[in-house]
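Good morning, colleagues. Please look at the sequence and the structure on the screen, and I shall then describe some of the features.

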Amino acid sequence: MVKQFNIKTKYNDIYDITECVKKTVEESGIKEGICMVYNPHSTAGITVFSPWDPDGFKDLDEEIRRLIPTKVDFHHQHDTPQDAAGHIKSALMGISSSFIVTEGKLLLGGSQGIYFLEFDGPRNREYYVKIQAD
């Protein structure tokens, strides 16, 4: 089973997709298996992060920007440094994550959520959730 979701993003924003993924797993009826969350975009990412303290998202954003600043001396896409930086951020953060499904539920830690990260934008984006039974 593969399900597509659409998101309208803003520049450099974070979107909580946890509930959509959990609901997809539950609706699939699969009791044991794997859930993959996939983003087909080269300037966006997927990550697992703790929503416990909202300031954690600020820290994540600041560290990503510190490590990969938008600059004009990238070797590719000189005329769009924001897009070039987005490619590097996406490559380092990753475009997919896999999760265990057990007893019909997504296995996440108590303080974990699944997030879509926009590194460019604004854009109309999509991501996919695939559920595979054992």
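**A nonpolar surface patch**

I34, I100 and L107 form a nonpolar surface patch of about 260 Å². Patches are built from residues with over 30% relative accessible area and no salt bridge, with nonpolar side chains (Val, Leu, Ile, Met, Phe, Trp, Tyr) joined within 5 Å and like charges within 9 Å. A salt bridge is a side-chain nitrogen of Lys or Arg within 4 Å of a carboxyl oxygen of Asp or Glu. Accessible areas follow the Shrake-Rupley method with a 1.4 Å probe, and for residues only the protein chains shown count as cover.

This is a predicted model: local features need pLDDT of at least 70, side-chain atom pairs count only at pLDDT 80 or more, and totals for chains, interfaces and linings use all residues. Residues are numbered from 1 along each chain as its sequence is written, and side-chain values use heavy atoms, leaving out hydrogens and water.

I100 sits in strand β5, residues 96-102; strands (E, at least two residues) and helices (H or I, at least four) are DSSP runs numbered from the N terminus. I100 has a relative accessible area of 46%, so the residue is partly exposed, that is, between buried (under 20%) and exposed (over 50%), with a 1.4 Å probe and protein chains only.

I now turn to I14, in strand β2, residues 14-16. Its C-alpha atom is separated by 22 Å from that of L107, 93 residues apart along the chain.

Finally, the chain as a whole has 3 helices and 8 strands, and 40% of its 134 residues are buried.
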